[in-house]
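Reader: I have a fold on my screen and I'd like to learn how to read it. Could you walk me through it, feature by feature?

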Amino acid sequence: MDQATRQLIEYARYHRDPRNIATHFVGIPLIAFGIAAMLARVPLDGVGVQLPGAHWLVWALTGVWYLRQGRWSLTVPTVAVLAALVALAHPLGEAPTAVWLAGGLGSFVVGWVFQAVGHVWEGRKPAFFDDLRGLLVGPMFVLAEVLMACGLQPGVRQTIENAAGPVRRRAVRPAAHP
(Lines give C-alpha, C1' and ligand atoms only; values in the text may rest on other atoms or scores of the structure.)
Protein backbone atom coordinates (compact mmCIF):
# COMPACT_ATOMS: atom_id res chain seq x y z
CA MET A 1 0.00 0.00 0.00
CA ASP A 2 1.32 3.44 -0.90
CA GLN A 3 2.13 6.00 1.77
CA ALA A 4 -0.61 8.40 0.61
CA THR A 5 -3.29 5.80 1.26
CA ARG A 6 -1.78 4.99 4.67
CA GLN A 7 -1.82 8.69 5.53
CA LEU A 8 -5.44 9.02 4.40
CA ILE A 9 -6.50 6.03 6.49
CA GLU A 10 -4.92 7.46 9.61
CA TYR A 11 -6.46 10.88 8.95
CA ALA A 12 -9.86 9.33 8.23
CA ARG A 13 -9.90 7.72 11.66
CA TYR A 14 -10.37 11.24 13.04
CA HIS A 15 -12.98 12.16 10.43
CA ARG A 16 -16.00 9.84 10.27
CA ASP A 17 -18.77 12.39 10.98
CA PRO A 18 -20.10 13.87 7.71
CA ARG A 19 -20.53 17.28 9.32
CA ASN A 20 -16.87 17.31 10.32
CA ILE A 21 -15.84 16.32 6.81
CA ALA A 22 -18.05 19.10 5.41
CA THR A 23 -16.36 21.72 7.61
CA HIS A 24 -13.01 20.60 6.20
CA PHE A 25 -14.17 21.50 2.68
CA VAL A 26 -14.31 25.12 3.85
CA GLY A 27 -11.74 25.23 6.64
CA ILE A 28 -8.76 23.60 4.96
CA PRO A 29 -8.79 25.75 1.79
CA LEU A 30 -9.21 28.88 3.94
CA ILE A 31 -6.26 27.87 6.11
CA ALA A 32 -4.06 27.08 3.09
CA PHE A 33 -5.06 30.36 1.43
CA GLY A 34 -4.40 32.28 4.67
CA ILE A 35 -0.94 30.76 5.08
CA ALA A 36 -0.07 31.53 1.46
CA ALA A 37 -1.34 35.10 1.81
CA MET A 38 0.66 35.70 4.98
CA LEU A 39 3.80 34.27 3.36
CA ALA A 40 3.24 36.29 0.17
CA ARG A 41 4.76 39.32 1.89
CA VAL A 42 7.97 37.49 2.75
CA PRO A 43 10.50 38.16 -0.03
CA LEU A 44 13.34 35.80 -0.75
CA ASP A 45 16.50 37.41 -2.04
CA GLY A 46 19.00 35.22 -3.81
CA VAL A 47 22.52 36.23 -4.72
CA GLY A 48 21.60 39.42 -6.52
CA VAL A 49 18.37 37.84 -7.80
CA GLN A 50 14.85 38.48 -6.54
CA LEU A 51 13.18 35.09 -6.03
CA PRO A 52 9.44 34.45 -5.72
CA GLY A 53 8.01 34.91 -2.25
CA ALA A 54 8.14 32.41 0.56
CA HIS A 55 4.64 31.22 -0.28
CA TRP A 56 5.96 29.60 -3.47
CA LEU A 57 8.92 28.09 -1.64
CA VAL A 58 6.63 26.52 0.96
CA TRP A 59 4.36 25.27 -1.85
CA ALA A 60 7.35 23.67 -3.60
CA LEU A 61 8.59 22.00 -0.41
CA THR A 62 5.15 20.64 0.46
CA GLY A 63 4.73 19.57 -3.16
CA VAL A 64 7.86 17.43 -2.87
CA TRP A 65 6.42 15.87 0.29
CA TYR A 66 3.11 15.06 -1.44
CA LEU A 67 4.78 13.55 -4.49
CA ARG A 68 6.93 11.32 -2.28
CA GLN A 69 3.76 9.81 -0.78
CA GLY A 70 2.91 7.91 -3.97
CA ARG A 71 -0.56 7.59 -5.53
CA TRP A 72 0.00 10.39 -7.98
CA SER A 73 -3.69 10.34 -8.93
CA LEU A 74 -4.23 12.06 -5.56
CA THR A 75 -0.97 13.83 -4.85
CA VAL A 76 -0.53 15.62 -8.19
CA PRO A 77 -4.05 17.13 -8.07
CA THR A 78 -3.42 18.14 -4.45
CA VAL A 79 -0.25 19.98 -5.46
CA ALA A 80 -2.16 21.64 -8.34
CA VAL A 81 -5.04 22.79 -6.12
CA LEU A 82 -2.59 24.18 -3.57
CA ALA A 83 -0.78 26.01 -6.39
CA ALA A 84 -4.09 27.60 -7.36
CA LEU A 85 -4.65 28.74 -3.77
CA VAL A 86 -1.12 30.18 -3.63
CA ALA A 87 -1.70 31.99 -6.93
CA LEU A 88 -4.99 33.42 -5.62
CA ALA A 89 -3.25 34.57 -2.44
CA HIS A 90 -0.28 36.10 -4.26
CA PRO A 91 -1.85 39.54 -4.91
CA LEU A 92 -2.43 40.01 -1.18
CA GLY A 93 1.33 40.25 -0.75
CA GLU A 94 1.21 43.55 -2.64
CA ALA A 95 -1.96 44.84 -0.98
CA PRO A 96 -2.08 47.50 1.74
CA THR A 97 -1.25 46.10 5.16
CA ALA A 98 -4.86 46.17 6.41
CA VAL A 99 -6.09 44.27 3.35
CA TRP A 100 -3.20 41.80 3.56
CA LEU A 101 -3.88 41.09 7.24
CA ALA A 102 -7.64 40.88 6.80
CA GLY A 103 -7.30 38.50 3.87
CA GLY A 104 -4.48 36.36 5.20
CA LEU A 105 -4.99 36.26 8.93
CA GLY A 106 -8.78 36.46 8.58
CA SER A 107 -8.89 33.43 6.26
CA PHE A 108 -6.56 31.51 8.54
CA VAL A 109 -8.61 32.19 11.69
CA VAL A 110 -11.99 31.56 10.05
CA GLY A 111 -10.65 28.31 8.59
CA TRP A 112 -9.60 27.11 12.04
CA VAL A 113 -13.01 28.06 13.47
CA PHE A 114 -14.62 25.77 10.87
CA GLN A 115 -12.18 23.01 11.80
CA ALA A 116 -12.89 23.42 15.52
CA VAL A 117 -16.66 23.25 15.01
CA GLY A 118 -16.26 20.11 12.91
CA HIS A 119 -14.18 18.39 15.54
CA VAL A 120 -16.69 19.30 18.26
CA TRP A 121 -19.31 17.53 16.14
CA GLU A 122 -16.91 14.63 15.60
CA GLY A 123 -16.24 14.39 19.33
CA ARG A 124 -12.58 13.82 18.60
CA LYS A 125 -9.47 15.98 18.54
CA PRO A 126 -7.87 16.85 15.18
CA ALA A 127 -5.45 14.32 13.70
CA PHE A 128 -2.48 16.69 13.86
CA PHE A 129 -2.62 16.66 17.68
CA ASP A 130 -1.22 13.12 17.46
CA ASP A 131 0.82 13.47 14.26
CA LEU A 132 1.85 16.81 12.75
CA ARG A 133 1.74 15.25 9.28
CA GLY A 134 -2.03 15.61 9.63
CA LEU A 135 -1.54 19.28 8.74
CA LEU A 136 -0.26 18.17 5.33
CA VAL A 137 -2.66 15.27 4.88
CA GLY A 138 -5.72 17.51 5.33
CA PRO A 139 -5.66 19.06 1.84
CA MET A 140 -5.11 15.63 0.26
CA PHE A 141 -8.00 14.23 2.32
CA VAL A 142 -10.37 16.96 1.10
CA LEU A 143 -9.33 16.37 -2.50
CA ALA A 144 -9.69 12.60 -2.06
CA GLU A 145 -13.21 13.13 -0.69
CA VAL A 146 -14.11 15.23 -3.76
CA LEU A 147 -12.67 12.64 -6.15
CA MET A 148 -14.41 9.78 -4.36
CA ALA A 149 -17.73 11.68 -4.39
CA CYS A 150 -17.31 11.94 -8.18
CA GLY A 151 -16.94 8.15 -8.38
CA LEU A 152 -13.19 8.29 -8.83
CA GLN A 153 -10.72 6.44 -6.61
CA PRO A 154 -13.21 3.68 -5.61
CA GLY A 155 -10.38 1.46 -4.41
CA VAL A 156 -9.16 4.19 -2.10
CA ARG A 157 -12.62 4.66 -0.62
CA GLN A 158 -12.96 0.94 0.05
CA THR A 159 -9.49 0.70 1.56
CA ILE A 160 -10.16 3.68 3.85
CA GLU A 161 -13.54 2.37 4.93
CA ASN A 162 -12.17 -1.11 5.58
CA ALA A 163 -9.50 0.34 7.87
CA ALA A 164 -11.19 3.40 9.43
CA GLY A 165 -14.84 2.44 9.13
CA PRO A 166 -17.52 4.07 7.00
CA VAL A 167 -18.56 7.68 7.35
CA ARG A 168 -21.26 7.71 10.01
CA ARG A 169 -24.76 8.40 8.85
CA ARG A 170 -26.63 10.88 10.97
CA ALA A 171 -29.69 9.49 12.67
CA VAL A 172 -32.93 10.80 11.24
CA ARG A 173 -35.25 12.05 13.95
CA PRO A 174 -38.78 10.70 13.69
CA ALA A 175 -41.37 13.25 12.69
CA ALA A 176 -43.49 14.62 15.52
CA HIS A 177 -47.05 13.33 15.47
CA PRO A 178 -49.75 15.96 15.79
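This is a predicted model: local features need pLDDT of at least 70, side-chain atom pairs count only at pLDDT 80 or more; totals for chains, interfaces and linings use all residues.

Reader: Where does Trp 121 lie?

Author: Trp 121 is in helix 5, which covers residues 97–122.

Reader: How do I read the exposure of Trp 121?

Author: Exposure goes by relative accessible area: under 20% is buried, over 50% is exposed, and in between is partly exposed. Trp 121 has a relative accessible area of 40%, so this residue counts as partly exposed.

Reader: What about the chain as a whole? How much of it counts as buried?

Author: Of its 178 residues, 41% count as buried. The chain exposes about 9,900 Å², and carbon and sulfur atoms supply 69% of that area.

Reader: How do I read the angle between two packed helices, say helix 1 and helix 6?

Author: An angle from 65 to 115 degrees counts as roughly perpendicular. Helix 1 (residues 3–12) packs on helix 6 at about 95 degrees, with the axes 9 Å apart. That angle makes helix 1 roughly perpendicular to helix 6. On the helix 1 side you'll find Ala 4, Gln 7, Leu 8, Tyr 11 and Ala 12, and they meet Gly 134, Val 137, Gly 138, Met 140, Phe 141 and Ala 144 in helix 6.

Reader: And at what angle do helix 3 and helix 6 cross?

Author: Their axes cross at roughly 70 degrees and come within 11 Å; helix 3 is residues 54–67 and helix 6 is residues 134–149. So helix 3 is roughly perpendicular to helix 6 as well. Thr 62, Trp 65 and Tyr 66 of helix 3 make the contact with Leu 136, Val 137, Pro 139 and Met 140 of helix 6.

Reader: Back to helix 1: why is it described as largely enclosed?

Author: Because seven of its 10 residues are buried. Those are Ala 4, Thr 5, Gln 7, Leu 8, Ile 9, Tyr 11 and Ala 12. The buried residues of helix 1 pack against helix 2 (18–39), helix 3, helix 4 (72–89), helix 6 and helix 7 (154–164).

Definitions and conventions: Residues are numbered from 1 along each chain as its sequence is written. Side-chain values use heavy atoms; hydrogens and water are left out. Helices (H or I, at least four residues) and strands (E, at least two) are DSSP runs, numbered from the N terminus. Buried means under 20% relative accessible area, exposed over 50%, partly exposed in between (1.4 Å probe, protein chains only). Axes are lines fitted to C-alpha atoms, for helices over the stretch in contact, and angles run from 0 to 180 degrees between N-to-C directions. Angles under 35 degrees count as roughly parallel, over 145 as roughly antiparallel, 65 to 115 as roughly perpendicular and the rest as oblique. Contact means heavy atoms within 4.5 Å. Accessible areas come from the Shrake-Rupley method with a 1.4 Å probe; for residues, only the protein chains shown count as cover.
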